[in-house]
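Work through the exercises below with the model open beside you. Try each task before you read its solution.

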Amino acid sequence: MKFAVALLTFSWLAFSQQGFDLILKGGHVIDPRNGVDAVRDVAIRGGRIAAVEPGLPAGGATRTIDVSGLYVTPGLVDIHVHVFWGPRHGVTADGDHCVQPDAVGFRAGVTTMVDAGSAGWRDFPEFRRRVIDTAQTRVLAMINIVGVGMLGEDDAVDQNQFDMNPQLVADMARRNADVVVAIKSAHWRQKNFISVEKAVEAGNLANLPVMVDFGYFDKPYQVLVTDKLRSGDISTHFYRWPAPLLDANGKVAEYLYVARKRGVKFDVGHGGGSFHFPNAEPLVRQGFWPDSISTDLHSGSINGAMINMLNVMSKFLALGVPLSEVIRESTSNPALEIRRPQLGHIGVGADADVAVLRLEHGKFGYVDVKGGRIEGSRRLGCEMTLRGGKIVFDFNGRAGVPWRGANLDYPVR
Ligand SMILES: [Zn+2]
């Protein structure tokens, strides 16, 4: 009898130590950061990844969900979005083009978003209070070098060099170091680099990288990436036409290799006007892949050629980038660019931000922002998203139970 009690106590202890909240069973895990590309079960406990192993016993968890035939990846990290939504804040002067993060990210597997400079130092506290601190999505931010943020591209706002104060931007970044990951220079249309130089100055003061959106520049891109930007700084809208990324023979311009060697990062930032196949196709086919895939998410891009993170990722699959590399460019690479190495992977101990993706096979079309089209044979879709171990999107109701006979507390008729 004593022996039986001891055995019972022992097995209960063993279970409580090993017992998981959830096991995602039988999926193909792609976790580039940890070198995993194989069928593995993923176990979650207390909002964190507790085990990534083959053949975990289904009985070892409160709940087990079969995800065989699907890919299990780290929650996607989109480092170029605009989510300072609300009654006032724009991305251009004529209205609020920002979108609500939870409404668009989870359904595309995105668990971390980085707002790319919608707010400047003047209204960053409001952005933090109203969006960053209330979203379920992990929202991080780049502070715009312009004090009022991205309110318009006219002379009074984005072109106003007198509202660019590196010290005040750096101070605000330091006070919010838990969520501010970079400084943003945007939409600068002048024949000089003042906006970039001020952003770099703020970046030096706050010890943060800078993201610059080239394309509006009436000045050499080569100077930007081989001279103005530092190692670790990010050039977004990379494949935007007519940036001179190819030489006269259609080969990748030599200076791009020089810039990459210097440590400058090239980010997609697709958006509503910044992704063109005449640049993207030859560059990608010649092996000049992006360091990070991002959407430039706003109300003008989600119903255009961009659609969502998975559509942009599928575009790169169609251009010939291998699946595991597309996942790397959408998870661990962007996490490292924003210096958050704890994100973008699902090693044991990491926050359980997870995407469960299906890879559809068929005939699919992908367009650039001008309507130029290519075809692809694969498309990524989102089946399930977990944020901190919690299921926040479940396309086929895999976490549900057959309703007949289940004790689901339906209201009594
Ligand atoms: Zn943008």
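**Before you start**

His-237 sits in the loop between β11 and α7. Helices (H or I, at least four residues) and strands (E, at least two) are DSSP runs, numbered from the N terminus. This is a predicted model, where local features need pLDDT of at least 70, side-chain atom pairs count only at pLDDT 80 or more, and totals for chains, interfaces and linings use all residues. Residues are numbered from 1 along each chain as its sequence is written, and side-chain values use heavy atoms, with hydrogens and water left out.

**Exercise 1. Backbone in the loops**

Task: Find the phi of His-237, then decide whether His-237 is buried or exposed.

Solution: 
- Step 1. Phi of His-237 is positive, about 60°, although the residue is not a glycine.
- Step 2. Apply the accessibility classes: buried is under 20% relative accessible area, exposed is over 50%, and partly exposed lies in between (1.4 Å probe, protein chains only).
- Step 3. His-237 has 4% relative accessibility, so it counts as buried.
- Step 4. Take Asn-207, in the loop between α5 and β10 (210-213). Its phi is near 55°, again a positive value in a residue other than glycine.
- Step 5. Asn-207 has a relative accessible area of 57%, so it is exposed.
- Step 6. Go back to the loop between β11 (234-236) and α7, where Pro-242 also lies. The peptide bond from Trp-241 to Pro-242 is cis, with omega near 5°.

**Exercise 2. Two crossing helices**

Task: Describe how α4 and α5 cross, and list the residues that make the contact.

Solution: 
- Step 1. The axes of α4 (residues 166-175) and α5 (residues 194-206) come within 8 Å and cross at roughly 40°. Axes are lines fitted to C-alpha atoms, for helices over the stretch in contact, and angles run from 0 to 180 degrees between N-to-C directions.
- Step 2. Classify the angle: under 35 degrees is roughly parallel, over 145 roughly antiparallel, 65 to 115 roughly perpendicular, and the rest oblique. Therefore α4 is oblique to α5.
- Step 3. Contact means heavy atoms within 4.5 Å. From α4 come Pro-166, Gln-167, Val-169, Ala-170, Ala-173 and Arg-174; from α5 come Lys-198, Glu-201, Ala-202, Leu-205 and Ala-206.

**Exercise 3. Salt bridges**

Task: How many salt bridges does the structure hold? Then examine the pairs of Arg-48, Arg-260 and Glu-383.

Solution: 
- Step 1. A salt bridge is a side-chain nitrogen of Lys or Arg within 4 Å of a carboxyl oxygen of Asp or Glu.
- Step 2. The total is 19 salt bridges.
- Step 3. Arg-48 meets Asp-351 at 3.3 Å, N to O. Arg-48 is in strand β3 (residues 48-53) and Asp-351 in the loop between α11 (332-337) and β13 (354-367), 303 residues apart.
- Step 4. Arg-48 is partly exposed at 42%, and Asp-351 is partly exposed at 27%.
- Step 5. Arg-48 and Asp-351 also belong to a salt-bridge network with Arg-138, Asp-353 and Arg-387.
- Step 6. Arg-260 pairs with Asp-291, with the closest N and O atoms 3.3 Å apart. Arg-260 is partly exposed at 26%, whereas Asp-291 is buried at 12%.
- Step 7. Glu-383 pairs with Arg-358 at 2.8 Å, N to O. Glu-383 lies in strand β14 (residues 373-387) and Arg-358 in strand β13, 25 residues apart. Glu-383 is buried, with a relative accessible area of 4%.
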